[in-house]
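Colleague: Before we rely on any of the labels in this model, I would like to go through how they were assigned. Could you take me through them one at a time?

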Amino acid sequence: MSKRVLMKGNEALAEAAIQAGCIHFFGYPITPQTEVAAYMSKRLPKIGGVYLQAESELAASNMLLGAAASGIRAMTSSSSPGISLKTEAISYMAGSDVPALIINVQRGGPGLGGIQPSQADYFQATRALGHGDFQVLVFAPSTVQEIMDLVYLAFDRAEEYRVPAMILADGMLGQMMEPVVIEKPQTSAHEKPWAANGHKNVRKHNIINSLYLQAEELENRVVERYRRYEAIKAKEQRAEEYLMDDAEIAVVAYGATSRIVKAAVKEARERGVKAGCIRPITLWPYPTDTIVKYRDKVKCFLSVEMSMGQMVEDVRLAVNGAAPVEFYGRTGGVIPEPGEVLDKIMELGR
Amino acid sequence: MVSEKNIIIVCGHYGSGKTNFSINLALREREKYEKVLLIDMDIVNPYFRSSDYADVLDKKGIDIISPIYAGSTLDIPALSPRIDAAIGGGYQKVIIDAGGDDAGATALGRFSERIERAGYDMLYVANMYRPLVGTPEKGAEVLREIEAASRLKATGIVNNSHLGEYTGADTVRLSSDYIRELSELVGLPVVCTAVKRDIADECGPSVSGLYPIDIHVIPPWKE
C-alpha cells in the first residue's frame, strides 16, 4: 500500500520528478519555487543524483540541455522572471529535439513583478518560450496530487515526442500543502537511440544540434517537428469537465484558479444559475475539442484567470464566434475570491 | 498549559504546522494573560505566515511583530527592531513563530542570549506525515540542525501529525509510536498533541495531552 504524506506543491514537483527517474536537477533559487530546489538539494545527494545550483538561470537551462541530450531524465525549475532568462536554452532544446522538463511556479509580472501567485505567463508558456517556430507541451495541475501525475506524464510524453515539456504552476499551488499518495509511475523511460551518450565504437556519432545553415534543411526539420505537433494536438488534449452536463454558463479556468471557480460554480447552482467548469489540464495542446463540444450548448463562456486575460484568447479561438466569451481576472499577485467569481457568474446568468 | 516560561519558541520542519499552532497558542495564552505578543520570525517563506492572520490576533488584543516587509510584495528578509525591545520587555507571554528548518531558525540565533536571560521553552513541532522527517531519526536530525542554527535548546515536542483535511482520529493515533521514538531519541517530553477541534472528542483518552486547535491557515476556496 502506498503511504499518504503531507506535501507542499513545490515538494511534490521535486519528489514526482525523482520518482519518475529524474535525478539530475539544475536550478537557481527564486520565490515562490525555491522549495523545489531546496528539496532536491536534500534528496538528490542521498540517492546518487546531481543537484546543482548554477550561477544563473540561463546556465542552469543550458546544463539541462546538455544533460538531457545524453538521454537521461533531467529538469530545471524557476519562477516567472527566471523562466524568461531560461528561454534561450529552451528554444535550443526544441530546436535539437531534446526532451526535458521545465517547471514554472508563476508569480506576478512583468519585470521583477511580485512574489504572489499569478497566471500571467500563459502567453509565454503557450506561444513564446523562446525564438523560432516551436511549441512545448504545457501541463497545468490544480492539486498537489495532480502535480505528481502530471510530472510523470510530462516526462513520458516529452520523450515520446522528443519535445521539451513544462509544468505551469503558480505560487498558490507551489506553496499550499495537501495530502498526497506517492505511487511509482506506470511508464518507464523511452528508448533513446538518438542520445549523445557515447558511441562505444559500435555506432556513428549522435549529434545534438539546432544549427542548420541551409535554409531548406532547416525548413525540413521544422516541418517534420510540426507534424509531431499535429499528432500531439490530436492525441494529447486533456481537460476536466465539472458540472457541465446541463451547464448554461461554462467557466473556463486552469490551475489553482479552477478550485476557486469550482467553489463559485457550486454556489451559483445553489442560487439557481446552471454553471459548470471546464478545466484545461493541457494548455498546449489546448483542449479545443472540449470547448467545441459545448460551444453550441451553452449560453456563454467565462474565462477566469490570475492575469489580465490571456487564456481567454484560446477560448475565443475554439468558440469561433458561436457564443459570447467573457473574461474575469485579477492580476499582480491578487487571488480572486470565490465571491467575486460568483458575482460575475450571477451577472451573466441574469 | 504547555509552558510556564515567558518566551515560547515554536520551531520545526517546513510545513509542520508551526504557524497554525502559534496562532492557536497565542489565542489560548491570551485567555490567561493581558499582554501577549506573537513574533513572526519567519523570514524564509513569504507565504502562509502568521502575519497574514494579523486580523484574527488583533481582534483578540494580541500584539504582533512581523518582518518589516511582510505582506508587501517585497521579498526582503528584514526583522523589526521592535523584537529587541519586546524580548525581556513588558509582555507576560511572548510566542515566537520561527521559520522552517535550520535555515528558518537561524534568525533566532541573534537573540539567543536575551531569550535565555528572559527564560524560554522551545517547542519542536513534529508531523510524521511530512516526508523529509518521516522517520524519528530524520525528525531528530532536523531538530539538532535547528538547535545548532538557533543556538538554543528545544525543551519539548508538540505532536502535530496531520494530513490536512484528510486528518481523522486514526491519523493522530497512528503517530503515537513515531512520537514516542522521537521523544526517546532526543530525550525530550511530548508536551501536547495538537488536533483539530472537531476530532478532539473522537481522539478522546487514547491520545495523551490533547490540545484542540482551530485551523487558520486555509486556501481561499475554503474560506
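Colleague: Why is Arg269(A) called partly exposed?

Modeller: The relative accessible area of Arg269(A) is 24%, and because buried means under 20%, exposed over 50% and partly exposed in between (1.4 Å probe, protein chains only), Arg269(A) is classed as partly exposed. Please keep in mind that this is a predicted model, in which local features need pLDDT of at least 70, side-chain atom pairs count only at pLDDT 80 or more, and totals for chains, interfaces and linings use all residues. Residues are numbered from 1 along each chain as its sequence is written, chains are lettered from A and ligands numbered from 1 in the order in which they are written, and side-chain values use heavy atoms, with hydrogens and water left out.

Colleague: What makes the contact between the side chains of Arg269(A) and Asp246(A) a salt bridge?

Modeller: The N to O distance is 2.8 Å, and a salt bridge is a side-chain nitrogen of Lys or Arg within 4 Å of a carboxyl oxygen of Asp or Glu, so the pair qualifies. Arg269(A) lies in helix α9 (residues 255-270) of chain A and Asp246(A) in the loop between β9 (239-242) and β10 (249-252), so the bridge ties together parts 23 residues apart in sequence; helices (H or I, at least four residues) and strands (E, at least two) are DSSP runs, numbered from the N terminus.

Colleague: Which class, buried or exposed, do Lys8(A) and Glu35(A) fall into?

Modeller: Lys8(A) counts as buried because its relative accessibility is 5%, and Glu35(A) is likewise buried because its relative accessible area is 11%. Their side chains meet in a salt bridge with an N to O distance of 3.4 Å.

Colleague: How do you know that the buried residues of α8(B) line one face of the helix?

Modeller: The buried residues of this helix (residues 176-186) are Tyr178(B), Ile179(B), Leu182(B), Ser183(B) and Val186(B). Seen down the axis of α8(B), they fall within an arc of 130°, so they line one face, where the arc is that of the directions from the helix axis to the C-beta atoms.
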